[in-house]
Amino acid sequence: MSYLLEVRSVSKRFPGVLALENISLTLARGEVLAVVGENGAGKSTLMKILAGVQEPDAGEILIDDRVVEISSVRVAQRLGIALIHQELNLADNLSVAANIFLGREPRSGWFIRTGETETSSTSVLRQVGLDVSPRALVGTLSLGKQQLVEIAKALSAQARVIIMDEPTSALSQHESEALFRVIRDLRQRGVSVIYISHRLREVKEIADRVVVLRDGRNAGELSRDEITHDNLVRLMVGRNFEIRRARVSTGDQTRATALEVRSLRTATHPHHELNFSLRPGEIVGVAGLVGAGRTEMLEVLFGIEHALGGEILMDGVAQNIESPRDAIRAGMALVPEDRKQQGVILEMAVSENLSLASLRREASAAFINHRGERSMADEMVAKLGIKTPNLRQFVQYLSGGNQQKVVIGKWLALRPRVLLLDEPTRGIDVGAKQEICKLMEQLAAEGVAILFVSSEMEEILRMSDRALVMHEGRISGELKREELSEDAVMGFATGARRT
Amino acid sequence: MKKLLGITGLLAFVCIATAIKEPNFLNAYNLQNTIRWTALFSLIAIGVSFVIITGGIDLSIGSTIGLVGSLLAYLLTIKGWSIGAALLAVMLVSLGIGFAHGLLVTKMRLQPFVVTLCGLLIYRGVARYITNDQSQGFGNSFEELRWLATGQASIPFTGGLGAGGRFGLPFPFIVMLIVGILGAIFLNRTIYGRYLLALGRNETAARYSGINTDAMKMIAYVICSGLAGVAGILFSLNLNSVQPSGLGEFYELYAIAGAVLGGCSLRGGEGSILGVIIGTAVMRVLYNSINILRIPTHWEFAIIGGVILSGVIVDELVKRVAAKRRAAR
């Protein structure tokens, strides 16, 4: 049988990480193929290779049984492959039609034939069931509609394979359903879709077949009728699933709460009040869908955004937190969501990153204690197992997991009593992920109260002594360790259940 | 230190080439003059490098110099203020200017380019208004004060040095040394210098690490305008006659060019004080060479611009080679 697209033994290495190792997959005409795997499993790298963003180190790719060299995005487009990024690649300031024809505008001499772009845009927009004017500015559309504009753009470029990378991560339930209708319609017309997701529910609903990746390798394949939740999880996490928390704690009940939040209101959800507390030594997970207000809550706690009202108490004492400095002084630390933008300074040395937060405390009369800085950095590199050739290496040359360890190390030097982590294992490989989970446990055992936000169900289920579930700015549920299950968390996260 | 090799080599090359073609380059008067001007321009280049390190820019330096210089002469000669009061007043004006820039950039979130471009226009206008656009001068009085700019300290144990007379270090050079040393200590040895470098690279991450980034940026703008004020005092004393419409014109561009030649990246987060001084020296020596070698002065800007551009291009190429080597490893 001949396939539309075939990937044979593709490998790709990045500094310090083997991102893909001997990956193979096939795609038939009009097939919806789901590619699933945990973060860092290699899904995005594979898709970037197919879309011509990166080139493989080894292996070959065939289209219509002919070996092709996808050396650039332009070549991929000519071959009929379109990649729709997780963060959409649309120009907000241009119209829908201008975006659809960006880079391949029909022209008369130097002039764009605007009328023609608008008429043909209308027809592809109709194909994806989107009823907006081709003259509307993309920035004025909702994310769901922008996603459909991307698909229309792909169709207009005669794409035969459309790759969608986590397309529903920012969509509402309603918008996701609209997207699924469009995908089914594409299948009818012989367009193939590669659908990347780690939302198992969606995969079950939309996919004809599933390819599972784990640690950059093929972990298995499931046909339509084999797609069950258990099968997927078994293939995705493999043996790692066996690893359980070494100890479970309800925190130190004898001592006061390490952190208590009373009637806290954030600017993004001003009508909801947040109430919860954390005991020393307790690990509390915060689950919820994207946009539920989890990151906003951490940012208010850490003084990055201002609270509209409410109280934050540490060890029973009310704190006035108006800046990260105040939060740090009160004994908090935040490992932020966007590691490269908020966590590390990429073009600075490992030692300088590690000392950034504690520099002031260690300084004598504003003068940097260089020797202390070096020995502290040495200690953190050893303690956290940060893989770096030396302390002067720029953080940008470290792998994601090691960068994250640098962010954590920066805070450990200050001995925080409350550690806030936002998606601490996002985009890092499985090994580093486990090390970070182990580190969280170790810190909790030392009495640090830990509040972590995660979008990965496995992590919430595995790491939490207790979990808070957020939905549209509220804490919709609180689950004790013994009550934790995927169904319980999803029930609260989608708003189906509330306490 | 390795980064400074290129620019130091360029300085040495220009000096030696000029000296070979025209030995008068090395006479005491010419050397002193070149050193004096290098020192004066270094002050503003050091100042602007702090702002550039934060990722900002200051285009108003020349106008600040014009305002401070005109105001100083005006207060001393026409208003009859005492020397101390006049110096204090002009320094407060320049520090106030920096403070205002900092506030507008951090609290109002305006772009540094726009804020200081408006400053460039405003301070020049104010200088011309206050003095009624009349040239101001110190005349023959204020000899002691003018010594700050024109005087020189003899170097111990050297006796007479240089072709044709006693050689002494121009006083502005000593001011530059003090400012340069303090600046280098601030930048490399204190936590605030580290904070400036960090926020220049990634302001968000610096803020998330508990650094008061707004306060640090304010400090950078105050340092920059404050040093422009000091330079304004010395420039006017050195020239003796001050044109409110002309003093300091284009100087901000020399300062920025010196900083960039000396290794500051306009993207922020990078810079060394010694580099900035050497970068400024390259420009002043080039200027001097053009004059002393009797190259038509019309060429001045073109030559200086060309040299800076080539310097920056070579620097970028070297960086790329280094990056490739690192990647290949």
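Which residues does B:Ile83 touch, not counting residues up to four places away in sequence? In this predicted model, the partners are B:Leu76 and B:Leu145. B:Ile83 itself sits in helix α4 of chain B, which covers residues 83–106. There are 13 C-beta neighbours inside 10 Å of B:Ile83, so this residue counts as partly exposed; a buried residue would need 20 or more. Sequence and space can also be set side by side here: B:Ile83 and B:Gly56 lie 27 residues apart along the chain, and their C-alpha atoms are 34 Å apart.

Staying with chain B, two helix pairs are worth a look.

From α11(B) come B:Tyr254, B:Ala257, B:Gly258, B:Ala259 and B:Leu261, which meet B:Val276, B:Gly279, B:Thr280, B:Val282 and B:Met283 of α12(B).

How do the two chains meet? In numbers, 23 residues of chain A are in contact with 16 residues of chain B. Three elements of chain A give two or more residues each to the side that touches chain B, namely α10 (324–330), α11 (339–343) and α13 (359–362). That side of chain A holds 16 nonpolar, three polar and four charged residues.

Chain A also has strands to follow. Four of them form an open, antiparallel sheet in the order β14-β13-β16-β17. At its edges stand β14 (274–278) and β17 (317–319) of chain A; each has a single partner strand, so one side of each is left without a neighbour in the sheet. From one strand to the next, the twist averages 20°. Within this sheet, β13 (residues 259–265) of chain A pairs with β14(A) over four bridges in the antiparallel sense, and one residue pairing across them sets A:Glu260 against A:Ser277.

Elsewhere in chain A, strand β19 (residues 418–422) is largely enclosed by the rest of the structure, because five of its five residues are buried. A:Val418, A:Leu420 and A:Asp422 point one way from β19(A), while A:Leu419 and A:Leu421 point the other way. Side chains alternate like this between the two faces of the sheet in a regular strand. β19(A) has parallel partners in β18 and β20. Four bridges join β19(A) to β18 (residues 332–335) of chain A, with A:Leu420 as the bridge partner of A:Leu334. Five bridges link β19(A) to β20 (residues 449–453) of chain A, where A:Asp422 stands opposite A:Val453.

Terms used
Residues are numbered from 1 along each chain as its sequence is written. Chains are lettered from A and ligands numbered from 1 in the order in which they are written. This is a predicted model: local features need pLDDT of at least 70, side-chain atom pairs count only at pLDDT 80 or more; totals for chains, interfaces and linings use all residues. Two strands pair if DSSP finds at least two bridges between them. Axes are lines fitted to C-alpha atoms, for helices over the stretch in contact, and angles run from 0 to 180 degrees between N-to-C directions. Two residues are in contact if their C-beta atoms, placed from the backbone, lie within 7 Å. Ala, Val, Leu, Ile, Met, Phe, Trp, Tyr, Cys and Pro count as nonpolar, Asp, Glu, Lys and Arg as charged, and the others, Gly among them, as polar. A residue is buried if 20 or more other C-beta atoms lie within 10 Å of its own, exposed if 12 or fewer, and partly exposed in between; C-beta atoms are placed from the backbone.
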